[in-house]
Amino acid sequence: LNAVLSFGLEMELTRVNPMKGRKKSKERPLEVQIDLEDVKRIMDQAEPHVRWAMEVCFNLGLRPGKSELFAIRYDQIDWTASAIKVYAPKTKTSRVIPISPGFKQRLLEMKKLSQTGLIVEYLGKPVKRITKAFQAACVRAGITVETRMYDLRHLFATTMLSKGADLAAVSKLMGHSRVTMTADTY
């Protein structure tokens, strides 16, 4: 609304912008209402490309969507170091995420099937969205609470922290600009 009224001022369609100087209130983030057992049930009901996207998202703690999950490529993986370099447009930074031996094996298997070089693809084409397919899997799995792909990123962080991982290290893996962001969220 502020932008529209500012445009009106600029175009001389109005003389006042009652929104000017108003501070946007901070919304509380949605709470994750699923656990790892729920994730397994969803994955069991998901189409193969959705299941793979969920696996990648959870194992690397990526932001789901076009900025990270659907943008990462096999050529970003350092196979020798078992790590992947991920660029985060949100923070305009890169981070290196270690890859577990088991997940590295899965990546090698899936790389053989890749037609685009992207880690997450569908029928040889880039994936842009999987929201509907993910929600359909949630319904088939009997999940009745609000669930988003982003919840996998939260579970990545909370699982590591609950197993004793260092807060600063988790913050770095998540690509947060400040450790306090991680502490306040998780």
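Just after helix α3, G61 takes a positive phi of about 65°. Helices here (H or I, at least four residues) and strands (E, at least two) are DSSP runs, numbered from the N terminus. This is a predicted model, where local features need pLDDT of at least 70, side-chain atom pairs count only at pLDDT 80 or more, and totals for chains, interfaces and linings use all residues. Residues are numbered from 1 along each chain as its sequence is written, and side-chain values use heavy atoms, with hydrogens and water left out.

**Helix α3**
- The buried residues of α3 are H49, V50, W52, A53, M54, E55, V56, C57 and L60. Buried means under 20% relative accessible area, exposed means over 50%, and partly exposed is in between (1.4 Å probe, protein chains only).

**The largest nonpolar core**
- A nonpolar core is a set of buried Ala, Val, Leu, Ile, Met, Phe, Trp, Tyr and Cys residues joined through side-chain atoms within 4.5 Å.
- The largest one has 42 residues, and M54, V56 and I119 touch the most other members.
- Helix α3 gives the most to this core, with seven residues.
- Several other elements give two or more residues to this core, including β2 (83-88), α4 (101-113) and α6 (150-162).
- Skipping residues up to four places away in sequence, I119 touches W52, V56, I72, R73, Y74, I77, I84 and L107. Contact means heavy atoms within 4.5 Å.
- In soluble globular proteins, nonpolar side chains tend to be buried together.

**Two loop residues**
- H176 sits in the loop between α7 and α8 (179-185), and H176 counts as buried because its relative accessible area is 13%.
- Leaving aside neighbours within four places in sequence, H176 is in contact with R63, R153, S171, M181, T182 and Y186.
- L13 is in the loop between α1 (2-10) and α2 (36-45), and L13 has 67% relative accessibility, so L13 counts as exposed.

**Over in α8**
- A183 lies in helix α8, and A183 counts as partly exposed because its relative accessibility is 39%.
- A183 and R148 are 35 residues apart in sequence and 21 Å apart in space, going C-alpha to C-alpha.
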